[in-house]
Amino acid sequence: METTGLARDDRIISAGVYRLDARGEVEDHWYTLVNPQRDPGPVWIHGLTSHVLRDAPLFKDIAEEFSARLEDRVLVAHNAVFDWQMIAREYARAEREAPVRQRLCTIALSKELGLPLPNHKLETLAAHFGVVQQRAHHALDDARVLAEAFRPSLLAAAASGVRLPLHECRPLTEWTDRAAPLIGQQASGGYGNYRPSSWRPARSRPACPYPNPGRYEVGKPLKQGMRVAFSGDTSVERDLLEDRAVEAGLHVATSLSRLTSLLVTNDPDSGTSKVVKARQYGTPVVDEAAFGQLLADVEPASEG
């Protein structure tokens, strides 16, 4: 699945589905472009321009066929919470309900299996199982790669008695969109908020308008103003992940200090300076998938 970005109002622009049987063998596959009715976002990543998407069907027009592919199935994805949130929002916009009740994240499964991966990118998981990517960031090829990497993971879990990390999917029942640049409109650079000249690690961000409420506490929601640091590789582009944190009202910190509320890393056992300092300061640590779930419900800053 490719999207216009990572924020709550971003849209799906292409979807690819591989359906597998109980042993992970491919039954069939399906692919479609989707007109997001807004700027397509980081074109330099997914390659889908406004011109390409202009005549594509709207999500509401492919929702029924998409549902036929998802019904009575477990949604398997790399960073599945993100895929589920995007799918649930699109169905809510179309005044429908996604027929998905469970999801499985292949990042979580690779951790359960103890796979010796240097990071949690899809291409790394694929390489571990000898799966060759042909078109990175193309929804159908990404789905194929994931299916081929999931099959040996599924068999390994069955052979070693590892319980599959399944999570409940709770559909949205209503949705209200904020205004976004329409597809075909030329926002600055033609990319809306994602300009190639500014989409870099060193780019400056607006100051967080909320005071730091302190450290994140396990079991509680994030709160606007919290200082969040990232360390190591992420399954989605780091800058887009940071943008999503900023849009939620969090402060993205480039370094870790005693004031940092939370460290996000997929490798808490690494020896990076941020991980080492997090241990020294007792800073809470969560992985990317857990952070994605927390971003879905960030508590507003206290008034006054």
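The crossing of helices H5 and H7 is left-handed, a term that applies when the near helix is turned anticlockwise from the far one by less than a right angle. The model is a predicted one, in which local features need pLDDT of at least 70 and side-chain atom pairs count only at pLDDT 80 or more, while totals for chains, interfaces and linings use all residues. Residues are numbered from 1 along each chain as its sequence is written, and side-chain values use heavy atoms, with hydrogens and water left out.

The axes of H5 (residues 106-113) and H7 (residues 139-160) come within 10 Å and cross at roughly 40°. Such axes are lines fitted to C-alpha atoms over the stretch in contact, with angles from 0 to 180 degrees between N-to-C directions. Helices (H or I, at least four residues) and strands (E, at least two) are DSSP runs, numbered from the N terminus. On the H5 side, Thr106, Leu109 and Leu113 meet Leu146, Phe150, Ser153, Ala156, Ala157 and Ser160 of H7; contact denotes heavy atoms within 4.5 Å.

Aromatic pairs are considered next. Rings of Phe, Tyr and Trp (its six-membered ring) pair if their centres lie within 6.5 Å; planes under 30 degrees apart count as stacked, over 60 as edge-to-face and the rest as tilted. By this rule there are five aromatic pairs, two of which are tabulated.

| Pair | Geometry | Centre to centre | Angle between planes |
|---|---|---|---|
| Phe59 and Tyr91 | edge-to-face | 5.1 Å | 85° |
| Phe66 and Tyr91 | stacked | 6.3 Å | 25° |

Phe59 lies in helix H3 (residues 59-70) and Tyr91 in helix H4 (residues 80-93), so their pair ties together parts that are 32 residues apart in sequence. Phe66, in H3, is 25 residues from Tyr91 in H4. Ring pairs link Trp30, Phe59, Phe66 and Tyr91 into a cluster. Phe66 is buried, at a relative accessible area of 3%, and Tyr91 is buried at 0%; buried means under 20% relative accessible area (1.4 Å probe, protein chains only).

A nonpolar core is a set of buried Ala, Val, Leu, Ile, Met, Phe, Trp, Tyr and Cys residues joined through side-chain atoms within 4.5 Å. The largest has 41 residues, of which Phe66, Ile87, Leu222, Leu250 and Phe291 touch the most other members. H4 gives this core its largest share, six residues. Leaving aside neighbours within four places in sequence, Ile87 is in contact with Met1, Ile12, Phe66, Leu70, Leu75 and Ala98. A second, separate core of twelve residues includes Leu104, Leu117, Ala149 and Ala157.

Definitions and conventions
Buried means under 20% relative accessible area, exposed over 50%, partly exposed in between (1.4 Å probe, protein chains only).
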